[in-house]
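Subject: Structure handover

Hello,

Please find the structure below. My notes on it follow directly after.

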Amino acid sequence: MYVAVKGGERAIENAHALLAAVRRGNPWVPELGIDQISEQLTLAVDRVMSEGSLYDRELAALAIKQARGDLIEAIFLVRAYRTTLRRFGTAAPLDTAAMDIRRRISATFKDLPGGQVLGPTFDYTYRLLDHGLAGPATQVSASLPEGQKSIRIDGPGRGDSPSTPSPCREGLPDALSPLAPCEIAAFPRVTDLLANDDLIEPSPISEAQAGDLTREPLSFPAGRDVRLQNLARGDEGFLLALGYSTQRGYGRTHPFAGEIRFGEVEVEMFAEEVGFAIPLGRVAVTECQSINQFRGTATQAPRFTRGYGLAFGQCERKAIAMALVDRALRAHDLGEEIKAPAQDEEFVLSHSDNVQATGFVEHLKLPHYVDFQSELGLVRRLRESFAASSGRERGVGIAEVAE
Amino acid sequence: MNGPAYNFAYLDEQTKRMIRRAILKAIAIPGYQVPFASREMPMPYGWGTGGVQVTASILGPDDILKVIDQGSDDTINAVSIRKFFVKTAGVRTTTTTVEATVIQTRHRIPETALHEGQILVFQVPIPEPLRFLEPRETETRRMHALQEYGLMHVKLYEDISRHGEIATSYAYPVKVDGRYVMDPSPTPKFDNPKMNDCPALQLFGAGREKRIYAIPPYTQVVSLDFEDHPFAPYRFDGTCALCSATDSYLDEVITDDRGSRMFVCSDTDHCATRRTHGHGASSLCPQDEGEKNGLRAGPGAAP
């Protein structure tokens, strides 16, 4: 019995001690280091930073270790820590056009200024278990040549003529030849290129302070700023399923992955004292801009619409799904009919947060025997009156009291 | 909670001020759900984060805290929340209802009548009484604003037509101060009458749903009903196997796999106090104080 008995306190302490032992596992196996997690489980760390909304690789790695690899639990640990941190200001909007690109692909143009940069991706791998990874590492062959932090495949901008055919344009793995990190300046965003010709709606520009749902309760209708914040913190699996549903016709938005880019951007903050923005550091982010079906009105020529996704680290699945859902949620603003779950702002925003969701779903483990006792009493009473009335009426069924 | 030192009662003072403002507004508009910027707490949503934030915001160093879950001071949730405040606020705690200045509760109101100056803090999972009739917040807020509670009455009526009585046994809706329909949190409806004209302040915190509401002392709280189907608090017709109480809310304890069961007070403090005052178990029912191996079957207690 886990309730109704004295000694609950000791039982809890014992459970925690057992948890610590199980977390550690077999003591003959070396303990996992935080550095191992942050260096070798990078995508898990990225997800925990994104949904935990705290950019700190070490803390995310610690959380993953403490949570025994349960990423939602790790996200929760990071969130609970984050909420205690003091805020000293608001950063200037990130300039993702100035990103130090590690990966950049466009599904809408074969070639474009800056080229396609495949970067580290599973995309073209054969999903065959690599038994070579099972044993001890034989050599450090996986490391990049001479301290380079990224792999660039494409030519333009590295002194080559932009018209040089680039091997990666065919997108084939055999084209892979690790080169120096791309240091060219020009990686204009695909959506900006389209916007120059007014073929896509302009990126909204606002001087207003963006909302913050960690400081103000969510209310409806929510602005796009709050929606995007909610989605950025939202559960990857939830967004994935919703984004997928839009592709299958539940609120279809005809998306193209205009561009997906991953790399580092500078974070700057405006300092009153000096009168200009000062750099605080760099963060790695993944950005997805979707290009969605055009719309036009009697007064406005047709043009494409946008969906936007952004996540810390390399979280491409999340960023793409987020862009799909962001676009679906714009249905109301764009005058589209709202009939699918992904278009329903209140439905999506209220259920996207996995820390909230897991808390409420798992709280069913808590004792509910007082409520259940009430229900038990009620059902017994109803059954008694049912038996009495069916005995009287020979199977006619329940007495229709209110009629 | 080792490592960084936290503020008294965990929350920083800015956050407490924000929550106190919401509480004051809630007291000023009895039964109205005030949105507040609920924080992520170091315990999961759904495990009392709303109640914990309310308690953290009102707790002072001289307070004496009691925490109950399902009426008991010893259930896991109660233990864990009480320990949290011992650790972060160092306040005195008690299990005695009359002694406590702040009582945080999940799913019960103590049997012992509350007195002036006490504050009862409820943990609330779903603050919106209309939620299961209308899932949209935008709609339910409008319904409250217009006092449009017809849907709720239709629901209660449908219960009667289907089952012969109102088939809501807990989280039974009440009307506060003749204005707002309110969810009393999932307390059994047995407890509803205790909310009415109560000398203590009753605060409700829903952390995940980011709402706070309140019933100020001596406020009228009416359980919704119909003239021909008046509200009736339900209680299993039996006596407590430990203290022989005949008026307390009882928990059913299954004692074997052949249908034997016994009934004991859900309010452990109430039960213990009665026993110290000489109310023993019913003569048919040998007891071992429920200390170790669970509660023994009492043949007299089976229905």
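The notes cover confidence, then the sheets of chain B, then some helices of both chains.

This is a predicted model, in which local features need pLDDT of at least 70, side-chain atom pairs count only at pLDDT 80 or more, and totals for chains, interfaces and linings use all residues. Residues are numbered from 1 along each chain as its sequence is written, and chains are lettered from A and ligands numbered from 1 in the order in which they are written.

Confidence

The model has an ipTM of 0.80 and a pTM of 0.83. For chain B the average pLDDT (the predictor's confidence in each residue, from 0 to 100) is 89, and 91% of the residues score at least 70. Residues 283-303 of chain B have a pLDDT below 50, yet this stretch has 37 contacts in the model beyond near neighbours in sequence. A contact means that the C-beta atoms of two residues, placed from the backbone, lie within 7 Å. Where pLDDT is low, the predicted coordinates should not be read in detail.

Sheets of chain B

Helices (H or I, at least four residues) and strands (E, at least two) are DSSP runs numbered from the N terminus; two strands pair if DSSP finds at least two bridges between them.

Chain B has an open sheet of seven strands with mixed pairing, in the order 1-9-8-5-4-2-3. Its edges are strand 1 (34-35) and strand 3 (92-93), each with a single partner strand, so one side of each has no neighbour in the sheet. Strand 4 (residues 102-106) and strand 5 (residues 119-123) of chain B run parallel and are joined by four bridges; within this pair, Val102(B) has Ile119(B) as its bridge partner.

Two helices pack on this sheet. Helix 2 (residues 49-58) of chain B touches strand 4, strand 5, strand 8 (201-206) and strand 9 (211-215), and its direction makes about 155° with that of strand 5. Helix 3 (residues 76-89) of chain B touches strand 2 (64-69), strand 3 and strand 4, at about 160° to the direction of strand 2. Axes here are lines fitted to C-alpha atoms, for helices over the stretch in contact, and angles run from 0 to 180 degrees between N-to-C directions.

An open sheet of three strands in chain B has the order 7-6-10 and antiparallel pairing. Strand 7 (180-182) and strand 10 (221-223) are at its edges with a single partner strand each, so one side of each lacks a neighbour in the sheet. From one strand to the next the twist averages 30°. Three bridges link strand 6 (residues 174-176) of chain B to strand 7, and Lys175(B) stands opposite Val181(B).

Helices

In chain A, helix 3 (residues 42-51) and helix 4 (residues 57-66) pack at about 105°, with their axes 9 Å apart. They are therefore roughly perpendicular (65 to 115 degrees). Among the residues making the contact are Val45(A) and Met49(A) of helix 3 and Ala60(A) and Ile64(A) of helix 4.

Helix 7 (residues 224-233) of chain A has eight of its 10 residues buried, so it is largely enclosed by the rest of the structure. Buried means that 20 or more other C-beta atoms, placed from the backbone, lie within 10 Å of the residue's own. The cover over these buried residues includes helix 3, helix 8 (236-247) and strand 4 (303-312) of chain A.

In chain B, the buried residues of helix 7 (residues 268-276) include His270(B) and Cys271(B), and its buried residues pack against strand 12 (261-265). Gly278(B), with a positive phi near 95°, follows helix 7 of chain B.

Regards

Methods. Buried ≥ 20, exposed ≤ 12 C-beta atoms within 10 Å, placed from the backbone. Parallel < 35°, antiparallel > 145°, perpendicular 65-115°, else oblique.
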